[in-house]
Amino acid sequence: MSDVVYTTTHRVVVPFYVYAGLAFLVATGMLFTGAAEFSGHYFQPHILAITHTMALGWGTMIILGASHQLLPVLMEGELYSVKLAYLSYTFTGIGIALLVWAFYIFHMGWPAKCGALLINAGVIAFFVNVVMSIVKSKKENIQAIFMLTAAGWLAFTTLAGGLLICNFTENILPDGSLHYLSLHAHIGIVGWFLLLVMGVGSRLIPMFLISKYDSPKILWSIYGLINGGLITFIFIFLREAVSVLYMIPVLCVTGGIVLFGFFCRKAYRQRIRRQVDEEMKISLLAVVMMVLPLVFLIAVIVTLMTISADVHMVLAYGFTIFFGWLTAIILGMTFKTLPFIIWNRVYHARAGTGATPVPKELFSSRLFNIMAVCFIIGFISFVAGIVISNGIAMKVGALLLLLCAFLYNANVFKLLFHKDRML
Amino acid sequence: MIALTEKAIEALAALRWVFDPEIGLNVVDMGLIYELSVEEDAKKILVLMTLSTQYCPMGQSIVDSVKNRLELSYPGYEIEITVTFEPTWSMEMISAEGQEFLNR
């Protein structure tokens with residue numbers, strides 16, 4: 001009997017999940033203490049610290065962990081190098097902590113530069129691992145192409161981020177770092193997060209819904225629209241073209257999101273199991289929530305065409321990405337993937353020889369449900385607070401999101417410390 | 001297509017204790033077992049099975065569970081499992097009991 005599915009050892013994957021969970025807690029803690037700052041401009045030390053904790057510590061770290069787990073499954077081959085995965089974790093993990101601290105105290109000297117350098121090293125290690133795993137594998141797969149392209153965009157984002165950090169003190173770019181912020185941010189948001197979540201989601205969502213639906217044609221269209229939109233955006237930005245032209249990439253990305261929503265809806269309708277669990281419900285909610293940042297983005301472009309960008313709309317736009325759909329899909333997918341990893345660790349060797357708990361029983365569904373409610377109400381409250389400039393709504397929202405992060409971590413640690421309960 | 005010898009039926013009954021951890025349905029009612037034969041003289045059990053998806057990260061665990069369960073029920077027997085994705089598993093392969101379970 002040969003291995004039918006290749007998996008990466010939990011020792012590689014679990015540390016990424018732990019780091020991400022703690023980063024989420026730190027980010028919501030900073031959000032709670034600094035909620036009032038969301039009434040002003042977005043280019044502030046604490047907001048930069050929160051954004052990078054969410055984007056790198058929370059979003060990127062968990063996606064890196066999940067990618068190391070998923071890539072061998074997608075490619076039907078082993079991960080190219082476990083050592084590179086550990087290197088990626090170590091470099092990125094230390095780098096993020098340094099960078100966030102540097103932003104928080106706004107020290108753009110050695111802490112920010114070392115942080116950026118380490119993050120770039122970690123991302124390169126990941127990129128090499130993805131490329132080599134694909135080169136070594138037996139078959140081609142559209143989801144792997146999504147992952148490879150997204151990893152390339154991530155490397156581009158962190159390289160641009162590193163240049164922006166150096167530009168604070170060395171003036172290596174023609175304009176100030178603030179000028180390039182939206183370029184750096186959108187390569188990361190669209191090229192890394194959106195592309196990767198769609199690619200991986202197109203495999204995981206039907207799989208966890210127990211749906212046989214698949215459509216490579218739709219997925220290739222999404223791939224073209226997202227990448228086409230991003231490349232168009234970069235071109236328009238660098239040519240400093242008129243604001244109205246930004247509607248072209250917005251339309252492309254909107255098309256990609258709509259198609260992805262259509263793909264998920266088809267998968268949902270063709271599911272085999274009627275019951276849909278709470279983890280999948282919040283993951284599907286994340287897909288719907290992808291539309292929200294687009295609404296704020298269009299508002300930003302419209303104000304940009306008339307006067308100057310409305311900072312509240314810019315803040316709401318960023319918030320609905322990092323604390324919105326990205327967080328929603330991570331909250332849902334963590335409790336679809338991590339229980340299986342832990343179940344495999346604890347029960348794999350003796351599976352089938354007695355009654356074992358199912359993966360879903362390794363964490364508390366009650367805690368999960370309370371966490372989901374805190375997340376939804378907290379998110380709505382904070383966004384409303386930004387839009388109407390209401391400090392109390394933001395504070396309440398931040399408190400609920402902090403509670404959500406605490407409950408998330410409590411459930412993750414419950415999973416990690418699960419002991420054999422075989423009957 | 002399952003070879004329905006008496007011994008094979010017994011072995012299949014044993015496999016009703018092996019569950020797909022995500023769905024909670026046993027592998028027999030899921031229709032994952034394509035063929036099963038028990039060679040009493042050679043003390044060998046041959047299983048031809050599939051998985052609901054080629055990308056299932058729990059695939060190896062399900063296959064190992066089948067092997068572990070048969071080793072437990074048939075000590076001294078050699079268990080040979082072959083995994084195939086031809087034909088591809090489809091929901092029509094789920095038994096009537098399984099369909100009822102999933103529609104709850």
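How many Å separate the centres of domain 1 of chain A and domain 2 of chain A, taken over C-alpha atoms? The answer is 17 Å. The structure is a predicted model. In chain A, domain 1 covers residues 1-139 and domain 2 covers residues 308-423. Chain B has 104 residues, and 29 of its residues are in contact with 26 residues of chain A.

**The two domains of chain A**

- Between the domains, 25 residues of domain 1 of chain A are in contact with 28 residues of domain 2 of chain A.
- On the side of domain 1 of chain A that touches domain 2 of chain A, helix 1 (10-33) and helix 2 (45-75) each supply at least two residues.
- Helix 1 of chain A gives the most to that side of domain 1, with twelve residues.
- Sorted by class, the side of domain 1 of chain A that touches domain 2 of chain A has 16 nonpolar residues, nine polar residues and no charged residues.

**The largest nonpolar core**

- The largest nonpolar core holds 172 residues, and those that touch the most other members are Leu195(A), Leu196(A) and Leu401(A).
- Helix 11 of chain A, residues 311-347, gives the most to this core, with 23 residues.
- This core lies between domain 1 (1-139) and domain 2 (308-423) of chain A, because both of them give residues to it.
- Setting aside neighbours within four places in sequence, Leu401(A) is in contact with Thr28(A), Leu31(A), Phe323(A), Phe375(A), Gly378(A), Phe379(A) and Phe382(A).

- Helix 6 of chain A, residues 177-209, has a kink of about 40 degrees, and the kink is centred on Gly201(A).
- Ile210(A) follows helix 6 of chain A and has a positive phi, near 55 degrees.
- Leu251(A) sits in helix 8 of chain A, which runs over residues 247-269.
- In sequence, Leu251(A) and Leu225(A) are 26 residues apart, while in space their C-alpha atoms are 8.9 Å apart.

**The fold of chain B**

- Chain B contains three helices and three strands.
- Along the sequence of chain B, these elements follow the pattern α-β-β-α-β-α.
- Chain B is as compact as a globular protein of its length, because its radius of gyration of 13 Å is close to the 13 Å that the globule rule gives for 104 residues.
- Taken along the principal axes, the C-alpha atoms of chain B fill a box of roughly 40 × 25 × 25 Å.
- Of the 104 residues in chain B, 40% are buried.
- Among the contacts in chain B with a separation of 6 or more, 63% are between residues 24 or more positions apart.

**Where chain B touches chain A**

- The contact between the chains involves 29 residues of chain B and 26 residues of chain A.
- On the side of chain B that touches chain A, the elements giving two or more residues are helix 2 (59-73) and strand 3 (78-83) of chain B.
- Helix 2 of chain B gives the most to that side, with eleven residues.
- By class, the side of chain B that touches chain A is made up of 15 nonpolar, ten polar and four charged residues.

Note on methods. Residues numbered from 1 in each chain as written. Chains lettered and ligands numbered in written order. Predicted model: local features only at pLDDT ≥ 70, side-chain atom pairs only at ≥ 80, totals over all residues. Domains from an automatic or database assignment. Contact = placed C-beta atoms within 7 Å. Helix = DSSP H or I, 4+ residues; strand = E, 2+ residues; numbered from the N terminus. Nonpolar A, V, L, I, M, F, W, Y, C, P; charged D, E, K, R; others polar. Rg over C-alpha atoms; globule rule 2.2 N^0.38 Å. Buried ≥ 20, exposed ≤ 12 C-beta atoms within 10 Å, placed from the backbone. Core = buried A, V, L, I, M, F, W, Y, C linked by C-beta atoms within 7 Å. Bend = angle between axes of the 7 residues up to and from the residue.
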